[in-house]
Amino acid sequence: MSEAIFVEGLTKSYGGKTVVDHLNFSVKSGTVFGLLGANGAGKSTTIECMLGIKPADAGTVRLLGENPKKHRHTLFERIGVQFQEGDYQKEIHVSELCEETASLYRNPADWRKLCEQFGIGGKTKASVKSLSGGERQRLFIVLALIPQPELVFLDELTTGLDAKARRGVWKTLETLKEHGLTIFLTSHFMDEVEALCDEICILKKGTPVFRGTVEQAKQLCGCERFEDAYLQLSDEEVDA
């Protein structure tokens with residue numbers, strides 16, 4: 001199995017404060033990898049540095065075998081990205097946004113089919129601003145999959161979705177994974193992580209404190225529930 005992501009020594013500081021501290025991991029092609037941690041742990045900064053949106057202070061990143069800063073044009077024909085929020089024209093319709101996105105790629109997926117797959121097929125004539133939070137979230141996933149990527153980054157995948165919709169998204173992503181898609185995700189829903197992730201990395205103040213499988217995390221902490229193991233490892237304990 002080939003390597004879709006390689007990260008070594010990734011480091012990023014702001015104003016003298018280290019936000020990501022010598023982070024190392026790799027992700028095999030056709031797997032789901034979860035980057036976890038409390039708010040402020042460094043997840044978003046890690047993704048931004050990996051994608052070349054922000055310059056890292058040190059470290060090496062390869063996505064699909066290429067440098068994301070040096071080979072952006074060719075590489076991002078093969079990568080999809082879904083962030084929590086998108087900044088779009090207020091009145092743009094779903095169909096217009098999908099068509100505009102598809103026009104950027106040589107071999108885009110059929111966005112109408114994707115909208116149907118993710119339960120927003122009846123919303124293509126609606127304006128983006130009229131969508132509910134869950135519908136917007138599903139639209140952002142559709143936009144990330146329009147390039148027919150080999151690797152997709154999904155940030156807080158199912159925020160705003162009800163239980164049925166969340167499970168529908170999981171099922172679709174499992175099918176895409178079976179067809180070779182590599183998925184890199186962040187999530188605060190531990191049931192989602194347990195259902196989808198082949199491997200995880202937990203960050204605490206920019207430093208990795210665990211790398212392995214969900215089962216290994218539970219065994220390490222002596223916990224039956226992964227959420228309890230995650231809280232212990234991330235030090236994200238809630239007050240009693």
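The buried residues of helix H6 pack against strand S3 (32-37), helix H4 (111-117), H5, strand S6 (151-155), strand S7 (182-186) and helix H7 (190-196). The model is predicted, with local features requiring pLDDT of at least 70 and side-chain atom pairs pLDDT 80 or more, while totals for chains, interfaces and linings use all residues. Residues are numbered from 1 along each chain as its sequence is written, and side-chain values use heavy atoms, without hydrogens and water. Helices (H or I, at least four residues) and strands (E, at least two) are DSSP runs numbered from the N terminus; contact means heavy atoms within 4.5 Å.

H6 covers residues 163-178. Its buried residues (under 20% relative accessible area; exposed is over 50%, with a 1.4 Å probe and protein chains only) are Ala165, Arg166, Val169, Trp170, Thr172, Leu173 and Lys177. They line one face of the helix, because they fall within an arc of 165° seen down its axis, the arc being that of the directions from the axis to the C-beta atoms. Lys164, Lys171 and Glu178 are exposed on the other side of H6. Just after the helix, glycine 180 has a positive phi of about 105°.

Conventions
Expected span 1.5 Å × (residues − 1).
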